[in-house]
Amino acid sequence: MGVAHDATTTSIEEAPLAADRPVSGLADELVDHRFKALPPDAEGLTVGALAAERRSLFTGGFTTPVLALSAESVEHNLALLETYAERHGLAFAPHGKTSMSPQLFARQLEYGAWGITAAVPHQARVYRAYGIRQIFLANELVDAAALRWLSAELDSDPEFRFVCYVDSVRGVELMDEALRAAGASRAVDVVVELGAGEGARTGARTEADCAAVADAVAAAGTLRLVGVAGYEGEVPEASGERVRDWLDRLVALAVGFDRAGRFAPGAEIVISAGGSAWFDAVADVFARIPELSAPVLKLLRSGAYVSHDDGHYRHLTPFNRVPEEGALQPAFRLWAQVVSRPSAEQAFLNAGKRDAAYDLDLPEAQVVRSGRDGTVRPATGVSVTGLSDQHAWVRTEPGAELEVGDWVGLGLSHPCTSFDKWQLIPLVAADGTVTDYIRTFF
């Protein structure tokens with residue numbers, strides 16, 4: 001951490017990453033019908049060759065709808081979270097489920113990330129295929145087939161570090177059975193997950209439940225207890241006070257386990273929390289963690305920051321509460337074309353649920369690019385009122401300028417369900433030049 005970055009000289013694909021399948025190899029993939037919106041005349045080129053042409057998103061043959069990711073905003077957001085983590089003494093394992101993009105993982109690691117967080121075994125397999133050395137799986141793992149794969153990965157690579165949740169005695173028993181059957185020679189590091197309250201998601205509900213799980217881990221020869229963790233975003237009726245109260249419980253659990261000698265000897269103690277809505281509270285409470293018997297890895301897991309958004313996280317980001325720390329920039333814009341204007345009050349775009357995130361908020365019309373002369377103007381009086389599978393329903397107020405052929409730039413809400421609809425996303429500079437293509441694996 002603390003490395004200076006020059007966004008003008010380091011491309012996404014050039015970021016260093018120790019890998020079995022180098023990220024740079026993604027540039028060798030052929031452009032064809034699998035990838036939405038790419039220019040039809042680029043068929044047969046490699047992704048790298050197309051990127052080298054530095055085409056314009058607007059005049060380079062791309063078809064609509066097309067999702068664009070701002071190169072400048074991505075770099076800004078990567079740098080901001082690195083600075084934030086450094087300032088608050090936090091390690092950082094951004095949740096990779098947001099983008100599922102090895103290229104972005106590489107950049108996150110270059111910008112100081114400890115590793116990458118996963119939620120399910122498939123994600124961890126993608127990470128390993130592209131050489132991620134440290135994975136935090138923020139979920140329980142009781143699938144015998146996945147545990148066989150994990151055991152083989154750990155046994156074959158001494159540098160691979162993996163940590164996952166446990167929250168029940170039965171879950172510990174299933175892990176131990178599967179790892180013994182697999183002939184595991186390395187123990188799997190686990191952290192006890194403290195639930196965020198009654199009615200919340202996973203996690204042991206009480207400190208007594210957590211202690212019972214820790215005892216079960218101690219009795220299992222295939223597991224090592226290295227810490228405690230949880231997700232504060234699930235605190236019922238979350239507020240700053242409620243979230244901090246739960247985080248205080250998490251820290252107290254770690255302190256109590258340490259005093260009781262429950263953690264594996266010689267291992268650093270992992271204390272982890274931190275989604276994208278309350279990482280300021282995590283920073284505040286983790287700053288008060290007392291000295292323990294071993295070094296503490298204070299691990300933040302926020303993931304949505306890499307692209308941010310124009311809806312859900314724009315409202316929830318902790319930077320709204322601590323503006324002196326900086327501000328994230330929304331990096332996504334979905335460009336769709338007006339294909340029908342049946343009345344003065346209504347229009348239809350050729351982008352719908354297959355193209356745009358819609359689970360939290362509808363897309364937001366931001367700008368209009370004239371289909372006649374390419375000039376760009378604010379989307380005044382233009383709003384999206386609904387989505388069909390392949391159409392956006394648009395309401396236009398009296399006097400709103402919008403005609404068939406115009407391109408409408410839409411802001412999106414919820415990065416996770418924006419990335420997952422696109423396998424290859426143009427990375428676009430402020431002047432519209434496509435500088436790279438971001439591959440995703442969902």
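This report walks through the pockets, cavities, strand pairing and cysteines of a predicted model.

## The largest pocket

Let's start with the open space. The largest pocket comes in at about 590 Å³. It has 33 lining residues, and those closest to its centre are His 95, Lys 97, Arg 201, Tyr 231 and Gly 275.

Which element gives the largest share of that lining? It's α10, with three residues. Helix α10 covers 312–316, and both it and strand β4 (134–140) put at least two residues into the lining of the largest pocket. If you sort the pocket lining by residue class, you get 14 nonpolar, 14 polar and five charged residues.

How many cavities of 30 Å³ or more does the structure hold? There are three. The largest cavity has about 50 Å³ of space in it.

Around the largest cavity sit Ser 276, Phe 279, Ala 304 and Tyr 305, together with His 308, Tyr 313, Thr 317 and Leu 328. By class, the lining of the largest cavity has five nonpolar residues and three polar ones, with no charged residue in the set. For the largest pocket, by contrast, the lining does include charged residues, five of them.

## Strands around β11

Strand β11 (residues 346–349) pairs with strand β10 (residues 332–343) in the antiparallel sense, over three bridges. The two strands make a hairpin, with two residues between them. If you want a spot to look at in the viewer, find Ser 340, which stands opposite Phe 348 of β11.

β11 has another partner too: strand β15 (residues 392–396), also antiparallel to it and joined by four bridges. Here Leu 349 stands opposite Ala 392 in β15.

## Cysteines

How many disulfides are there? The count is zero. Take Cys 210: the closest cysteine sulfur belongs to Cys 164 and is 15 Å from the sulfur of Cys 210, so the two are too far apart for a bond. A disulfide would need the sulfur atoms within 2.5 Å.

Is Cys 210 buried or exposed? Its relative accessibility is 0%, so Cys 210 counts as buried. Cys 416 also counts as buried, because its relative accessibility is 11% and the cut-off for buried is under 20%.

Key: Residues are numbered from 1 along each chain as its sequence is written. This is a predicted model: local features need pLDDT of at least 70, side-chain atom pairs count only at pLDDT 80 or more; totals for chains, interfaces and linings use all residues. Side-chain values use heavy atoms; hydrogens and water are left out. On a 1 Å grid over the protein atoms alone, a cavity is a set of points where a 1.4 Å probe fits but cannot get out, and a pocket is an open set with protein on both sides within 12 Å along at least five of seven lines; lining residues have an atom within 4 Å of a point. Grid points are joined across faces, edges and corners, and a volume is the space filled by probe spheres set on the points. Ala, Val, Leu, Ile, Met, Phe, Trp, Tyr, Cys and Pro count as nonpolar, Asp, Glu, Lys and Arg as charged, and the others, Gly among them, as polar. Two strands pair if DSSP finds at least two bridges between them. Buried means under 20% relative accessible area, exposed over 50%, partly exposed in between (1.4 Å probe, protein chains only).
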